[in-house]
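Take them one at a time and find each residue as you go.

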Amino acid sequence: MPHIPHLVSLLVALPLAGALVVALTPRAAETLAKRVGLGVSFATFLASLQLVSGFKDVAGYQFEERLAWIPSWGISYHVGVDGLSLWLVILTTFLTPLCLLGSWSQIHSRVREFVLFMLLLEAGMIGVFVALDLFLFYVFWEAMLIPMYFLIGIWGHERRIYAAVKFFLYTFAGSVLMLVAFLVLYRASGAWTFDIPALVVSPVAPALQTWLFLGCAVAFAIKVPMFPFHTWLPDAHVEAPTAGSVILAGVLLKMGGYGFLRLAIPLFPDAAQRLAPLVAVLAVVGIVYGALVSLVQPDLKKLVAYSSVSHLGFVMLGIAALSTIGVTGAVYQMLNHGISTGALFFLVGMLYDRRHTRLISEFGGLRQAMPWYFALFLLISLSSIAVPGTNGFVGEFLILLGAWGFSPRLVAFASLGVILAAAYVLWMVKRVFYGELKNPKNQGLPDLSPREVAVLLPLVALAILMGVLSPLFTRRIEPAADALVRQVHQHTLKAPAVAPGSTPAGEASR
Amino acid sequence: MNQLLDLRPVVPAAIVALTGVVVLLAQAFTPRGERAPSVALSLAGLLGALVSVLLLASGPARGAVLAGALAADGLALFLQAVILVVAMLSVLLSPGYLQSSGIERGEHYALLLFSVVGMLGLVSSLELVSMFVALEIMSVALYGLAGFDRTRPESQESALKYFVTGSFASAFLLYGIALVYGVTGSTSLERVTRALGVAGPDALPLAVLGTALLLVGFGFKVASVPFHMWTPDVYEGAPTTVTAFMSAGVKAAAFGALLRVFDAGLVSLAGHWQPLVAALAIVTMLVGNFAALAQTSLKRLLAYSSIAHAGYLMSALVAPPALAVEAILFYLVAYAAVNLGAFGAIAALARDGREPLSAADLAGLSERRPLLAAALSVFLVSLTGIPVTAGFVGKFYLFGAAVAGGWVALALVGVLTSVVSAYYYLRIVVAMYMEAPLGEDRFGRVPPAAALALTLSVMTTLAFGIWPAPVLSLARFAGRSLL
């Protein structure tokens with residue numbers, strides 16, 4: 001099949017070019033800006049599908065491109081995708097047009113700037129997932145902060161400035177430690193390069209690895225966010241506009257987990273193994289803590305935000321297990337979370353647009369007023385609590401299976417999170433949708449508009465598709481996950497916790 | 001010795017000096033009520049000097065001339081080009097601002113040109129006494145510029161304070177030069193290096209003391225803590241365009257001289273001065289950034305930020321010389337563009353002697369002056385050190401150099417204080433983009449010349465942030481002349 005040349009660069013360049021075009025549109029032509037944004041992001045999505053069709057199910061980087069950038073320091077523009085990043089790129093290109101469509105009539109002020117920042121954000125996010133050079137990775141990682149900061153700070157809710165600044169400072173504080181770790185690694189490795197594949201080949205001394213791993217881990221743990229680095233998340237999620245929350249939960253949080261998989265673990269394999277128990281314990285604490293806090297949230301958006309802490313705990317547990325199944329499950333769960341939590345934020349946002357409140361106690365009996373809304377909400381809720389047949393089930397199952405060889409006790413505690421998730425989600429659904437439609441303000445609320453259905457339907461369809469046909473996705477993830485796990489275990493005499501091999505992903509979903 | 005009478009390395013400074021005199025004369029011969037062509041003359045002179053620098057750079061390398069006092073080597077030419085561009089942008093920023101303050105007189109441009117002469121000399125001196133003379137030429141002109149708005153008490157205070165502390169610093173510098181001369185019997189950096197290489201242990205205390213005094217003197221000029229006390233008052237009181245010029249130009253010139261003295265002349269004492277410089281750098285980064293947090297005045301905030309940036313720059317001095325020079329030279333370019341831009345953006349809003357004083361004055365600027373707000377945001381993001389700006393690449397290199405020198409702690413303090421700085425820089429962005437405008441629009445339209453200067457600064461900031469390789473290789477090449 002013929003493929004577009006420089007496909008990966010094109011995926012970064014398209015939104016950038018779109019942003020430039022949007023910047024040049026006249027101020028008053030708001031619809032034009034929105035159309036350009038939607039068109040460009042949709043074109044980017046279509047282009048990104050070429051990645052999937054041309055992808056071979058093997059380990060190693062594909063669609064690689066390389067160009068000298070700052071030769072004297074061994075810095076190059078080196079991009080490519082492998083099984084770990086492929087679907088995350090698709091997730092990004094998939095969610096961005098939905099966000100633009102979802103906020104079509106929600107954003108009233110400075111529409112042009114909104115579209116501009118969304119496109120810049122998309123370019124930055126794709127860049128993070130495809131960068132194969134530490135310097136390039138860091139550039140995208142940081143540059144992406146700026147549009148997100150503006151999205152929260154300009155179009156957010158009441159406490160938006162506080163949330164924007166907090167978000168920025170937290171993530172920036174984490175990233176700069178990572179930068180110092182990169183610089184030390186550059187000096188210590190003796191390879192005189194920032195090229196990730198080249199650095200992975202020759203790890204530095206184990207004692208130094210611990211420090212460098214910690215430096216990077218703080219950056220990624222804040223982004224994930226892992227307990228106890230999660231305190232920025234509820235503020236940012238709640239205050240951000242709907243599109244911001246969706247991108248934040250859907251893609252930005254994934255960068256933490258991805259950072260562990262792409263950088264922290266392969267670059268510092270000995271430290272990763274040594275510190276895996278710590279990461280796993282924090283992950284499980286996050287699972288249970290996030291779930292417990294979600295249980296008591298009076299605010300819908302806060303509830304979804306805290307549930308992210310719990311869900312991402314699963315992802316981190318799968319990563320910390322360092323087994324093929326666990327890592328595959330973690331990547332898969334990142335996609336699931338992007339879809340189900342993204343959809344939940346859309347749904348909460350649509351409710352907020354109608355009622356200008358997110359307090360659960362304000363609602364009740366909405367099932368009668370908005371039957372379609374209820375149906376889609378319920379489906380996504382089921383995916384969020386990992387009911388078999390939905391995507392969430394496959395991901396959590398793989399993670400727990402993969403972590404079993406690592407520590408059955410932790411898996412037992414993590415399973416508690418599965419039960420708690422059912423509790424807080426179903427209880428919330430009960431309070432919002434069931435019962436009598438008492439509140440007069442809720443009577444006569446309009447059901448979903450065609451535009452809203454167009455936003456939600458792809459997400460719901462994908463949640464079910466990924467639950468039923470998971471091998472379609474996991475077979476592309478697995479070789480890369482396996483290669484990572486082998487590489488890490490090579491460096492120690494210990495045998496792998498779980499023998500790398502085929503995952504029972506197919507069985508799990510059938 | 002056949003180069004003894006080769007005067008070509010002096011040509012750029014001579015052109016600028018001559019232009020200064022012509023500007024003064026033109027002002028004197030312009031009838032009352034008419035405006036002298038000071039801006040055009042200054043720009044032409046600076047451009048001529050820049051061309052001569054480029055010609056010198058394209059020709060063969062020139063060694064020491066005028067009895068070994070001056071050279072047109074890589075370091076000198078690189079920084080001279082930077083200084084001349086800074087001066088040109090400052091000249092472009094000036095007329096609108098000076099008009100709004102009612103102080104548009106030719107002397108302003110003449111003084112600016114004279115201080116450029118000092119700066120050009122400072123970065124090309126190979127000899128401590130010439131260096132001192134050049135420093136004084138630069139400083140005296142700057143004292144005048146700081147007090148140029150003589151009806152405003154703040155401006156007077158600024159000039160006086162700068163003069164007193166500046167003289168104080170000069171005294172330290174002189175004493176340091178005297179001690180180094182006492183130990184080595186020469187003020188020529190080349191001979192100092194040679195003499196220190198063979199000096200016995202009994203000469204060491206005196207040499208180290210001399211080095212420390214030199215460091216104090218330069219510490220004043222680059223606004224390093226604890227010799228920074230003058231900076232906020234002087235930066236705040238001086239006319240804003242002068243502050244822009246001072247903050248960008250003096251830093252480039254003073255760090256150029258600092259590099260030459262410490263990384264070439266006193267390099268054999270590196271084991272002694274490096275810990276000292278590292279300590280100063282840490283204190284400077286901490287004090288500069290934390291003090292800036294507490295500022296409400298924009299100009300004071302930027303003054304403390306400029307102190308903090310002196311700290312970042314110093315943290316690269318502990319690296320092996322080749323890396324230190326490359327990193328510092330690149331950062332000086334990035335910093336000059338950004339700082340000129342930041343002060344320039346504030347100055348560009350001036351109308352009827354009124355300019356934005358605090359972040360609150362900038363509330364809602366993104367709606368009233370979208371382009372200016374965007375430009376100022378780029379500068380602030382670059383000062384914070386975030387990609388894709390030159391400020392990020394610059395910090396990457398500074399801290400990379402510190403790590404290469406084995407000072408990971410310096411890099412850690414640097415990046416963590418950068419996080420602190422993000423808070424106060426972002427506060428300005430918050431005001432411009434996330435707060436509603438207060439009251440009526442009291443500020444002026446951006447003058448076209450200033451708009452040009454700001455555009456060039458933004459383009460430099462972004463271009464060198466995305467494609468820094470050419471400047472870096474020039475900087476590395478320039479650094480070779482030292483080693």
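1. Let's start with a word you'll need: a residue is called buried when its relative accessible area is under 20%, exposed when that value is over 50%, and partly exposed in between. A:Arg110 comes in at 18%, so A:Arg110 is buried. Keep in mind that this is a predicted model.

2. Now, which residue does A:Arg110 pair with in a salt bridge? The partner is B:Glu367, and the N to O distance is 3.6 Å. A:Arg110 sits in the loop between α3 (86–102) and α4 (111–130) of chain A, while B:Glu367 belongs to helix α14 (residues 365–368) of chain B, so this pair joins two chains. B:Glu367 has a relative accessible area of 38%, so B:Glu367 counts as partly exposed. As background, side chains of opposite charge can pair when their charged atoms come close.

3. Next, the interface as a whole. How many salt bridges are there between chain A and chain B? The count is 1. Polar contacts across the interface of chain A and chain B come to 5 residue pairs, with both residues at pLDDT 80 or more. On the chain A side, β1 (62–70), α5 (134–143), α6 (145–155) and α7 (160–189) each supply at least two of the residues that touch chain B. Of these, α7(A) gives the most, with 14 residues.

4. How much area is buried here? The size of an interface is often given as the accessible area lost when the parts come together. Between chain A and chain B that area is about 3,200 Å², and carbon and sulfur atoms give 81% of it. Chain A brings 34 residues to the contact and chain B brings 40 residues.

5. Zooming out, a search of the whole structure turns up 22 salt bridges over all chains. One to look at is B:Glu157 with B:Lys161, again at 3.6 Å from N to O. The two are 4 residues apart in helix α6 (residues 153–184) of chain B, which means about one helical turn separates them. B:Glu157 is partly exposed at 41% relative accessibility, and B:Lys161 is partly exposed at 30%.

6. Compare that with B:Arg476 and B:Glu326, whose closest N and O atoms are 2.8 Å apart in their salt bridge. B:Arg476 lies in helix α19 (residues 469–480) of chain B and B:Glu326 in helix α13 (residues 321–348) of chain B, so the pair ties together parts that are 150 residues apart in sequence. Elsewhere, salt bridges that share partners link B:Glu157, B:Lys161, B:Asp233, B:Glu236 and B:Arg300 into one network.

7. Which helix gives the largest share of the nonpolar patch? That would be helix α19 (residues 450–468) of chain A, with 3 residues. A:Leu379 comes from helix α16 (residues 371–384) of chain A. At 36% relative accessibility, A:Leu379 counts as partly exposed.

Terms used. Residues are numbered from 1 along each chain as its sequence is written. Chains are lettered from A and ligands numbered from 1 in the order in which they are written. This is a predicted model: local features need pLDDT of at least 70, side-chain atom pairs count only at pLDDT 80 or more; totals for chains, interfaces and linings use all residues. Side-chain values use heavy atoms; hydrogens and water are left out. Buried means under 20% relative accessible area, exposed over 50%, partly exposed in between (1.4 Å probe, protein chains only). Contact means heavy atoms within 4.5 Å. Buried area is the accessible area (1.4 Å probe) that two parts lose on being put together, summed over both. A salt bridge is a side-chain nitrogen of Lys or Arg within 4 Å of a carboxyl oxygen of Asp or Glu. A polar contact is a pair of N or O atoms within 3.5 Å; within protein, one must be able to donate a hydrogen and the other to accept it, and residues adjacent in sequence count only if both atoms are side-chain atoms.
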